[in-house]
Amino acid sequence: MSQEMLFPDYIFESSWEVCNKVGGIYTVLSTRAKTLQERLHDNLIFIGPDCWGDKECPYFTEDSSLLVDWKNSLKNSTLNVKVGRWNIPGNPIAVLVDFVPFFQFKNTIYSKMWEDYQVDSLHAYGDYDEASMFSFAAAKVVENYYNFYLTSEKKVVYHANEWMTGLGALYINKHLPQVGTIFTTHATSIGRSICGNNKPLYDYLFAYNGDQMAGELNMQSKHSIEKQTAFNVDCFTTVSDITANECKELMDKECDVVLPNGFEDNFVPKGSSFTAKRKAARKALLQVANCLTGCNFNDDTIIVSTSGRYEFRNKGIDVFVDSMNRLRYDERLDKQIVAFVEVPGWVEGPRALLQERLASGKKFDTPLEYPQLTHYLHSVNDDNVMNMCARLGMWNRPEDKVKIIFMPCYLTGTDGILNLPYYDVVLANDLCVYPSYYEPWGYTPLEAVAFKVPCITTNLAGFGLWANTEFGKEGEIEDGVKVIRRTDYNYNEVADEIKETIIKFSKMTDDEIKKVRARAGKLSKKALWSHFITYYEKAYDIALTKAEARK
């Protein structure tokens, strides 16, 4: 008879993105919280950086009634914390820690990490120090909490996300050996760097030496903390098979468990609310397009978009813009297309003339200067999207069947132009395109299909590979997700494939589109946390089994 799996009494989980919306890890943690909280209640505690100081954090509500005795015990220590709840489904407890006081001990902390684990912090620069001081502070929070409230009878897990929390995981490993440690690398720092430096990753993965590449790309310190954490925690995990392979080759360490990223669909509106929100968002986007370009857009205009972090090559933004340009010249296209690039750039603020036009409620027949841009950019001449549009002559002329619009802001609902949150904007799309070159998982396509928006992704995204596995074949647009085969060298094929898929989609009847949208929604249901949490249960069991043995 198999032994029952161990499950923690307490989980402490730390990330730079707890109550701090930066990228996909925020989505991983914030959507998973409710599933875990239903089992652990307030024994699930998230730890994030206090980046806010005296300003109010929009993702966090402080609660002076929580953990009062413990907070009082910290009054004369270096630990300065805010305790409250994360404003997400489940409202789990979150502790935001001020990491600035630890900078004075930086050299001592780094020396100990070298002595204990050979972590090389000598070559640190950029965000390394800030991340490491937060990581150390988060570990001190757990150590203090544990010593104040808990005993060794309790089964406790510390879960650290990304290299930014590695130093803390190693501290816990050494100073609280009764706690099981899990480390998740969502993307290897060296893999991301290889791609970001325009080097081919996949064909040469077997030949790259991670340590050597770290030296070449000036990434020694980040690579070192990531690698040493992977080797020394109780359970090393990543988010997809594609990244697991990367870890094996670049960090010489195989993952113990792959933890695919699920989500909750409680943010997807239902029934008439879904229809009304989609209609309103489409109207808003087409109004922005009219006010920028001076062109008229009827109801059968196809709205296409790409979104995510502004990693021009890694996220495939370059190939998206290129494919829209190719589509512009294709004589088979007989519908208007408005393509939105929704990636946050270096924004100065919303364009005043565009705001004026939108406020008037009128329709316009003359374009604005820069008819592709919704917000002022600090350095418009250095911007990759704007430069590519200019180089390709994409000026949104009346005769262009494809108009491209760059929305370089965070879509929080307060951007000054659309004033709609991202999930409302996703609803408006007919098709989303995420042709990533480097994408460990890929939340954007998963979110799209949750809103019944079919999408195009690649087999270099963890989500794309997962979709293919679910389909039992390479996904086609009729399945709800088109998965394009992408390699180090087939950029042109990818651009053409996107163009061909959009043309195919544009020729579909309303009935066919309805079926495609239904299939997209159906696929998303297979990625709910209720299915994917079992992978986490396995990781908790591995970590706790090792911790119990140490006790």
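Which strands does helix α15 (residues 443-450) lie across? Helix α15 lies across β10, β15 (431-433), β16 (455-458) and β17, and runs at about 155° to β16. Contact here means heavy atoms within 4.5 Å. Axes are lines fitted to C-alpha atoms, for helices over the stretch in contact, and angles run from 0 to 180 degrees between N-to-C directions.

Before I continue, a word on the source. This is a predicted model, in which local features need pLDDT of at least 70 and side-chain atom pairs count only at pLDDT 80 or more, whereas totals for chains, interfaces and linings use all residues. Residues are numbered from 1 along each chain as its sequence is written, and side-chain values use heavy atoms, with hydrogens and water left out.

Let me turn to the chain as a whole. Its secondary structure comes to 19 helices and 17 strands; helices (H or I, at least four residues) and strands (E, at least two) are DSSP runs, numbered from the N terminus. The radius of gyration is 24 Å, close to the 24 Å that the globule rule gives for 551 residues, so the chain is as compact as a globular protein of that length. That radius is taken over C-alpha atoms, and the globule rule is 2.2 Å times the number of residues to the power 0.38. Along the principal axes, the C-alpha trace spans about 70 × 50 × 50 Å.

Six strands form an open sheet in the order β14-β11-β10-β15-β16-β17, with parallel pairing; two strands pair if DSSP finds at least two bridges between them. At the edges stand β14 (402-406) and β17 (481-484), each pairing on one side only. From one strand to the next, the twist averages 20°. Within this sheet, β10 (residues 302-307) and β11 (residues 337-342) pair in the parallel sense over six bridges, and I302 has I337 in β11 as its bridge partner.

The other sheet is also open. Its nine strands follow the order β3-β4-β5-β2-β1-β6-β7-β8-β9, and the pairing is mixed. Its edge strands are β3 (60-62) and β9 (257-258), each of which pairs on one side only. Strand β8 (residues 235-238) pairs with β9 in the parallel sense over two bridges, and T238 stands opposite V258 in β9. Helix α1 (residues 24-40) packs on this sheet, where it touches β1 (10-14), β2 (44-49), β4 (81-86) and β6 (156-161). The direction of α1 makes about 155° with that of β2.

Finally, two helix pairs. Helix α11 (residues 317-328) packs against helix α17 (residues 491-506) at an angle of about 55°, their axes 8 Å apart. That makes α11 oblique to α17; angles under 35 degrees count as roughly parallel, over 145 as roughly antiparallel, 65 to 115 as roughly perpendicular and the rest as oblique. Among the residues in this contact are D318 and R326 of α11, and D496 and K499 of α17. By class, the contact of α11 with α17 divides into nine nonpolar, two polar and five charged residues. Ala, Val, Leu, Ile, Met, Phe, Trp, Tyr, Cys and Pro count as nonpolar, Asp, Glu, Lys and Arg as charged, and the others, Gly among them, as polar.

For helix α3 (residues 106-117) and helix α4 (residues 128-149), the axes come within 11 Å and cross at roughly 80°. That makes α3 roughly perpendicular to α4. K106, I109 and Y110 of α3 meet Y128, D129, S132, M133 and F136 of α4.
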